[in-house]
Amino acid sequence: MNMFILSMNKFILWYHFFMFGKRLKELRLEVGLTQKELAEKLNCDQSMIARWESCKNEPTESNIIKVAKFFDVSSDYLIGLSDN
């Protein structure tokens with residue numbers, strides 16, 4: 001049972017990071033920004049944006065909040081807890 005719970009927890013974390021990357025890319029493209037342009041606006045590297053969008057790096061809580069504020073969406077939306 002413990003192994004199942006650990007597996008589910010890993011899946012849930014993966015899902016949230018997957019949704020963050022997917023929604024970040026969708027939002028970025030909606031406003032017509034390149035990864036480099038978004039990185040400049042968020043004060044980070046273009047490679048960080050690329051890693052988030054490809055789910056190779058997980059964003060910190062502060063970065064999730066920064067992205068949510070920039071796009072005027074909730075952090076829940078970014079990580080897939082909400083569709084609004």
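**View 1. Helices α2 and α3 cross in a right-handed way.** This is a predicted model, so keep that in mind as you look around. Helix α2 covers residues 35-42 and helix α3 covers residues 46-53. Two packed helices are described by the angle between their axes and the distance between the axes. Here the angle is about 110°, and the axes lie 8 Å apart. Angles of 65 to 115 degrees count as roughly perpendicular, so that is the label for α2 against α3.

**View 2. Here's who touches whom where α2 meets α3.** On the α2 side, look for Q35, K36, L38, A39 and L42. Their partners on α3 are Q46, I49, A50 and E53. Sort the residues of this contact by type and you get five nonpolar, two polar and two charged.

View 3. Q35, L38, A39 and L42 are the buried ones. Just past the end of α2, N43 has a positive phi of about 60°.

**View 4. The buried residues of helix α4 line one face.** Find residues 61-71, and you'll see N63, I64, V67, A68 and F71 buried. Looking down the axis, these fall within an arc of 135°, which means they line one face of the helix. An α-helix has 3.6 residues a turn, so residues three or four places apart point the same way. Exposed on the other side of α4 are E61 and K69.

Conventions:
Residues are numbered from 1 along each chain as its sequence is written. This is a predicted model: local features need pLDDT of at least 70, side-chain atom pairs count only at pLDDT 80 or more; totals for chains, interfaces and linings use all residues. Side-chain values use heavy atoms; hydrogens and water are left out. Buried means under 20% relative accessible area, exposed over 50%, partly exposed in between (1.4 Å probe, protein chains only). Helices (H or I, at least four residues) and strands (E, at least two) are DSSP runs, numbered from the N terminus. The arc is that of the directions from the helix axis to the C-beta atoms. Axes are lines fitted to C-alpha atoms, for helices over the stretch in contact, and angles run from 0 to 180 degrees between N-to-C directions. Angles under 35 degrees count as roughly parallel, over 145 as roughly antiparallel, 65 to 115 as roughly perpendicular and the rest as oblique. A crossing is left-handed if the near helix is turned anticlockwise from the far one by less than a right angle, and right-handed if clockwise. Contact means heavy atoms within 4.5 Å. Ala, Val, Leu, Ile, Met, Phe, Trp, Tyr, Cys and Pro count as nonpolar, Asp, Glu, Lys and Arg as charged, and the others, Gly among them, as polar.
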